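Hi everyone, thanks for making time. I'd like to walk you through one structure today, so let me put it up on the screen.

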Amino acid sequence: MTTEPVKGPASYFPSIEKKYGRPIADWTDLIRSSPLTRHMELVTWLKTEHGLGHGHANALVAHTLAQGT
């Protein structure tokens, strides 16, 4: 039985959790609670206020926005 490798934004999740010490659910809740709604505004906010790298912030925002509210 083979499993498909994780692709897209979710492929970043293990390294995000390891590097920043918070589960992905915490990050998605944080993004959803933000008054910001535009993709790049949220990415910039995560980078400046929470110290995430661009790729990690972008992956979290893309995943969260794709899920809807």
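Let's start with how α1 and α4 sit relative to each other: they are oblique. Keep in mind that this is a predicted model. Helix α1 covers residues 13-20 and helix α4 covers residues 54-67, and their axes come within 10 Å, crossing at roughly 120°. Angles of 65 to 115 degrees would count as roughly perpendicular, and those over 145 as roughly antiparallel, so this pair lands in the oblique class. As for handedness, the crossing of α1 past α4 is left-handed.

Who makes that contact? On the α1 side, we have Phe 13, Ser 15, Ile 16, Lys 19 and Tyr 20. On the α4 side, the partners are His 56, Leu 60 and His 63. Sorted by class, the contact of α1 with α4 has 4 nonpolar, 3 polar and 1 charged residues.

Which residues touch the most other members of the largest nonpolar core? They are Ile 16, Trp 27, Leu 46 and Leu 60, out of 15 residues in that core. Each of α1, α2 (24-33), α3 (39-50) and α4 supplies at least two residues to this core.

Have a look at Trp 27 for a moment. Setting aside neighbours within four places in sequence, Trp 27 is in contact with Ile 16, Tyr 20, Arg 22, Leu 46, His 50, Leu 52 and Leu 60.

Is Ile 24 buried or exposed? Its relative accessibility is 10%, so Ile 24 counts as buried, the cut-off being under 20%. Not counting residues up to four places away in sequence, Ile 24 touches Phe 13, Ile 16, Glu 17 and Leu 60. For a distance to check on your own screens, the C-alpha atoms of Ile 24 and Arg 38 are separated by 20 Å, with the two residues 14 apart along the chain.

The other residue is His 39, found in helix α3. His 39 has a relative accessible area of 26%, so it is partly exposed. Beyond residues up to four places away in sequence, His 39 touches Asn 58, Val 61, Ala 62 and Leu 65. The C-alpha atoms of His 39 and Ala 57 are separated by 9.9 Å, and these residues are 18 apart along the chain.

That's my tour, and I'm happy to take questions.

Definitions and conventions: Residues numbered from 1 in each chain as written. Predicted model: local features only at pLDDT ≥ 70, side-chain atom pairs only at ≥ 80, totals over all residues. Heavy atoms only, no water. Axes fitted to C-alpha atoms, helices over the stretch in contact; angles between N-to-C directions. Helix = DSSP H or I, 4+ residues; strand = E, 2+ residues; numbered from the N terminus. Parallel < 35°, antiparallel > 145°, perpendicular 65-115°, else oblique. Left-handed = near helix turned anticlockwise from the far one by under 90°. Contact = heavy atoms within 4.5 Å. Nonpolar A, V, L, I, M, F, W, Y, C, P; charged D, E, K, R; others polar. Core = buried A, V, L, I, M, F, W, Y, C linked by side-chain atoms within 4.5 Å. Buried < 20%, exposed > 50% of the residue type's maximum accessible area, 1.4 Å probe, protein only.
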